[in-house]
2 protein chains.
Amino acid sequence: MTKFDEATQAIRVDATTYDVCLDPGYSIGGPLNGGYLMAALLRAVVDASPHDHPVSTSVQFLRAAVPGPARVRLEQVKTGRTATVTRATLVRDGQAHLDALVTTATLGDAESTWSATPAVPMPPVEECVALPEPKPESGMTLSARMELRFDPPTIGWLHGEPTGRPESRAYFRMAEPQDPDPFVLALAVDALPPVVFSAGSRGWAPTVELTWHLRALPAPGWLTLIGQGRLIRDGWFDEDVEVWDSAGRLVAQSRQLARLGRGGGPA
Amino acid sequence: MTKFDEATQAIRVDATTYDVCLDPGYSIGGPLNGGYLMAALLRAVVDASPHDHPVSTSVQFLRAAVPGPARVRLEQVKTGRTATVTRATLVRDGQAHLDALVTTATLGDAESTWSATPAVPMPPVEECVALPEPKPESGMTLSARMELRFDPPTIGWLHGEPTGRPESRAYFRMAEPQDPDPFVLALAVDALPPVVFSAGSRGWAPTVELTWHLRALPAPGWLTLIGQGRLIRDGWFDEDVEVWDSAGRLVAQSRQLARLGRGGGPA
């Protein structure tokens, strides 16, 4: 069992209640990463479902969560032959922190009938770069759990050269040897720095809502994350992330609606 | 009050219950259109919220709904200064048909800080074409409620010439004189024929999940709907629809995950 598997473990209490222990290793400087929280919640959903895969997950992020004991409460909304719909709520200190609706189903290994190609080509991983290690006092423990290699222009904001467009692109894998699975994908779709950093914005950009669809089970190896936004307006922005696997297949699609950081709007 | 306003009216029974009367005028040949059902559900959500606009709506479509009396049951998940999160369930004949999580907030009239442009340019509305009127026996009553003018190649499937890509593009307005508002947008994001028709597929393509974000209040006039898919695989496809208003602003973004029609897969 990897550290990530352990940190997202959901222990069955009864048919509608699972215990999870929110791990301090997935912090983005105080609050825990949203993708990590989704992964823990989805472990409970999938364990309780007759189906194998979290095909469609919509989450409202209600409050920033900190490490410690938490519960996932499940309500089975509908179960059918091909899919089950579950409402799942992550509760910490008696308060709902994430509220989700999830469709589970069992994906087959069919080839794609039709597929788009990535919107932007990525340079080879050898030409991509890591972010500098965060200072220990930042509380940014998440960085040590995963490896990200960025398409260099999309982290130009780091040295004062944002591209001027909301975008972020990187190769992704877990720091420990671990093949990607749907729970790793839940982490991956929220693993990039906010796309608005490339448009000149700064500061924590809290996610309001994130929906992601699992489209295929990923092959082992690096994942490619292609992130972009379409509109920054009135303090709100969208972030669309496609995840492609090492076999060149689109394995996950996500979109989140988020708030601009308090650190100031785009330049 | 327009027919659409009347058909989506939600009458308050108490703080958590609204009555709606599902109107036979929004049928797609038996079942009611998903966008129409979302609009009725959102009327209840917005009426019960201290905030004005349905900014983010995620819906799981559990069962196909037919006309008649129904209820919207609300649960206020969280209310804060800037946003309220509500769970809303559309119940018909004692069964949940739509289950939704909705963030309401109040959008301002600020200009965009940054905006993408439409992925595909549209020809002028005069060069776009309507679909032939459906036969009365088809039960397709929805067509009479709205005007759609299609970018011609994207309805080439009608005479055996699909473009070969999942796409659909049209100008949209209500058949009655009515300025677009957030409820009209809920209808608009699910108003196009399934994008997979252009990829050679046929048959009813039931939506499993649809999430849409309201990004700005639309200006009066035609709306432009730009629909495309990214992957058709294993009986599932995605459909992404952007809605642009007559002032050229992105006012809504949606993505749905749907099942391929039983009428057979893409050619």
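**Contact between the chains.** I started with who touches whom in this predicted model. Chain A puts 58 residues into the contact, and chain B puts in 58 residues too.

**Buried area.** Next I looked up the area lost between chain B and chain A: about 5,200 Å² is buried, with 52% of it on carbon and sulfur atoms. On the chain B side, the residues losing the most area to chain A are Trp114(B), Arg230(B) and Arg233(B), and together they make up 17% of what that side buries.

**Charges and polar pairs.** I counted salt bridges between chain B and chain A and got eight. One I checked joins the side chains of Arg230(B) and Glu242(A), at 2.5 Å from N to O. I then sorted the chain B side that touches chain A by class: 25 nonpolar residues, 18 charged and 15 polar.

Which strand of chain B does E12 of chain A pair with? I found E7 (residues 112–115) of chain B, joined to E12 (residues 231–233) of chain A by three bridges, and the two run antiparallel. In E7(B), Ser112(B) is the residue opposite Arg233(A).

**Symmetry.** Last, I laid chain B on chain A: a turn of 180° with a shift of 0.0 Å along the axis does it, at an RMSD of 0.0 Å. The two copies are therefore related as by a two-fold rotation axis.

Notes: Residues are numbered from 1 along each chain as its sequence is written. Chains are lettered from A and ligands numbered from 1 in the order in which they are written. This is a predicted model: local features need pLDDT of at least 70, side-chain atom pairs count only at pLDDT 80 or more; totals for chains, interfaces and linings use all residues. Side-chain values use heavy atoms; hydrogens and water are left out. Contact means heavy atoms within 4.5 Å. Buried area is the accessible area (1.4 Å probe) that two parts lose on being put together, summed over both. A salt bridge is a side-chain nitrogen of Lys or Arg within 4 Å of a carboxyl oxygen of Asp or Glu. Ala, Val, Leu, Ile, Met, Phe, Trp, Tyr, Cys and Pro count as nonpolar, Asp, Glu, Lys and Arg as charged, and the others, Gly among them, as polar. Two strands pair if DSSP finds at least two bridges between them. Helices (H or I, at least four residues) and strands (E, at least two) are DSSP runs, numbered from the N terminus. Copies are superposed by least squares on the C-alpha atoms of residues with pLDDT of at least 70 in both.
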